[in-house]
Amino acid sequence: MPPTGCRVTMIMRAGKYGISETHVRVGATTIAQTIPFAQTLAKKRIACCGVGVAMDYVRLSMEGVRRDSQVLDAEFLGGLVAPSTSISFGPVNVEANTPDQAKASYLVRMTAGDLARSSLYLAGVPDWAIQFDANDNPLPPPPAWLKILQIYLDELTSGWGFIGVQRPGGGNPLRPVTKAVLQQDTSLIGLVTTNANAIDVGAFVTVQDFLMVSRAYRSINGNWQVAERIDNSPGAGQATYYLRGTAGITPSTFAHYGNLFLRDKVTIAYLGATRRGGTTRKRGNRSLASPGRKLTRKVVN
Amino acid sequence: MDVLRSPSIQSVRMIEGSDSTTLIRWYKAAPGAKPFPGSHAFGSSFWDGDWVDYGVGPGLTSADFTYAPGRNRGFDGRCPPAHPDWFRSGMPLSEAGKPSPAVLCCRRTLSTSGGPIAGFGCLFPATIAGELGLNGVFSFTPPARSYFGALVLDGRASRGVSPVPFAAELGLDGNALGTEFQGSLVEDGQWSFPAPSITFAGSLVEDGQWQGPEYAGDLVVKGAWDPPDVAGELVLDGRVEIPTPATSFAGELVLDGRVEIPTPATSFAGELVLDGASELPYFAGELVEDGQWHGAVYAGELVLAGRFFP
């Protein structure tokens, strides 16, 4: 089952840097009905940014329906720019509300139950939200900004989500592998499983829990694509799935058979958010300048 | 159409259900370009997931692409396409092979410097060079505007102030009010120039009513027409009235209706084809008439299928 909902990508600009952030409106069936929600989301997102960041475009597209997309420009959005007010940073410091340094961002962990979570790297946030003390411990941002951030996170947990892998269970059963064979012509590994719902050729599957006789051998655990399916016993649902790209792996190196399941993507709603603080993790090629760096707060006496 | 980092060439299916594909080039939008109004089926595959089915519908036929230069070749991207539905559900099969007004819409052949063009509703151009397709109400509110290009109107067009020169092709399905026009005019509705000193140079095809004092070019009128001065080819399917004196016409004249020029000193130099009634005091050229004719002076070849009073 492919993902559903309406994908909303906010495209911001901070000087020469471009920033994009994508969320999915869960349950949306048309772009038109998503536009008001996207405008609200963009408005709350830009409020978290430092001065100079502007919302250039918001792109909407229906998941699973390729032939439906729309771009909203800054004029449609009402010229969303980051607030210019400086926020008091403690009793003695008042720092300028400048956007964050290159390749730095504020990490928020979006959670969706026990089996799904998503890392949200907020770029373009004020510089002082990503600072550390002399011992490299992250310093908390000022409460005023945290309040703005919480408004945005509350919006995300109100009907927004992300596209993630559907965990095995329910409609996506975990298929124990009972045997592994080698296809003579192609040297591909074939895994024999038994389940009534066959996986189509070309679909992506995840193989896990295989144990190798030695770590020196190449493991079969990971994501693969089904190259060929042989229905050994259609009545019993037994089939052999030959996996593309597995040439070179030998069945004799398996000490223990694991499981196989269909690697399907679904839309998962955000249920909560945990603030993790500043990070210097790279987020694509955002930079024409130096790599990420950490700033150390200096108290002005 | 979409937000992309790199320009490329991709394959698209223009007509839903068709096997034929066309290569398109993604290029950079000009400064001030507008996003496509509404949703469409021709978004980039850059944003697609691996679950997308490219086998059906209009739009891209695969996620494959070839990087290509993204130089904009003169499309300013400010005016809406003539047929937005084509971008949502594909081009109709009946339109295959025809020039698309949607493609020609924003082509810029001369300089453009004007105010904003907002949606389908209003147009406030200072100077427009190119082809313009409009599906809705069209109005020129500020004065001293000019237009060079092809203008296709499916709705009502009006302009209350003068003078607005227009040098291009104009297609009207509704009402149009203008003072100055130079180019080709195709009208299915009503067109009138309320102010005097109207100049028209080009081809005119009209199904409604025309009231203009001056005309130079091809004229096809299926309604009523009151031009005092005509130079060029004239084809009339309706009633033609030239009430003022000193009216001249140089070119080919084809009349399917009634022609009345009550005053003297009216001259005509060219070929005249009449299918209806005609009254002309002076005519110089070839005359082919199927109806009635009342003219003062005529020099040339005359073929009459009806009644004639020279």
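User: How many helices and strands are in chain B?
Analyst: Chain B has 2 helices and 30 strands. This is a predicted model.

User: How much of chain B is buried?
Analyst: Of its 310 residues, 39% count as buried.

User: And the contacts in chain B, what share join residues at least 24 apart?
Analyst: 20%, taken among contacts between residues at least 6 apart in sequence.

User: Switch to chain A. What share is it there?
Analyst: In chain A, 71% of the contacts between residues at least 6 apart join residues at least 24 apart.

User: How many helices and strands in chain A?
Analyst: 3 helices and 21 strands. Chain A has 301 residues, and buried ones make up 37% of them.

User: What's the mean pLDDT of chain A?
Analyst: It is 84, and 85% of the residues of chain A reach 70 or more.

User: Where is the pLDDT below 50?
Analyst: One such stretch is residues 89–94 of chain A. Beyond near neighbours in sequence, residues 89–94 have 10 contacts in the model. Residues 284–292 of chain A also stay under 50. For residues 284–292 the model has 17 contacts beyond four places in sequence.

User: OK, sheets. What's the strand order in the open sheet of 6 strands in chain A?
Analyst: E4-E3-E1-E2-E10-E19, with antiparallel pairing.

User: Which strands are at the edges?
Analyst: Strand E4 (69–73) and strand E19 (265–269) of chain A. Each of these pairs on one side only.

User: How far are neighbouring strands turned against each other?
Analyst: By 35 degrees on average, with direction ignored.

User: Zoom in on E1 and E2 of chain A. How many bridges?
Analyst: 9 bridges, in the antiparallel sense. Strand E1 covers residues 6–14 and strand E2 covers residues 17–25. As one example, Thr9(A) has Thr22(A) in E2(A) as its bridge partner.

User: Which helix packs on that sheet?
Analyst: Helix H1 of chain A, residues 31–46. H1 touches E1, E2, strand E3 (53–62) and E4 of chain A. The direction of H1 makes about 155 degrees with that of E3(A).

User: Why does Asp73(A) count as partly exposed?
Analyst: Because 15 other C-beta atoms lie within 10 Å of Asp73(A). Buried would take 20 or more, and exposed would take 12 or fewer.

User: What does Asp73(A) touch?
Analyst: Tyr57(A), Lys34(B) and Pro35(B), leaving out residues up to four places away in sequence.

User: And how many residues lie between Asp73(A) and Ile11(A) in chain terms, and what separates their C-alpha atoms?
Analyst: The two are 62 residues apart along the chain, and their C-alpha atoms are separated by 9.7 Å.

User: Lys34(B) and Pro35(B) are in chain B. How many residues does each chain bring to the contact?
Analyst: 19 residues from chain B and 19 residues from chain A. On the side of chain B that touches chain A, 9 are nonpolar, 7 polar and 3 charged.

User: Last topic, strand E18 of chain A. How many bridges join E11 to E18?
Analyst: 2 bridges, running antiparallel. Strand E11 is residues 175–182 and strand E18 is residues 259–262. Pro176(A) has Asn259(A) in E18(A) as bridge partner.

User: What about E13 of chain A and E18(A)?
Analyst: 4 bridges join strand E13 (residues 204–208) to E18(A), also antiparallel. There, Thr206(A) has Phe261(A) as bridge partner.

Key
Residues numbered from 1 in each chain as written. Chains lettered and ligands numbered in written order. Predicted model: local features only at pLDDT ≥ 70, side-chain atom pairs only at ≥ 80, totals over all residues. Contact = placed C-beta atoms within 7 Å. Nonpolar A, V, L, I, M, F, W, Y, C, P; charged D, E, K, R; others polar. pLDDT = per-residue confidence, 0-100. Pairing = 2+ DSSP bridges. Axes fitted to C-alpha atoms, helices over the stretch in contact; angles between N-to-C directions.
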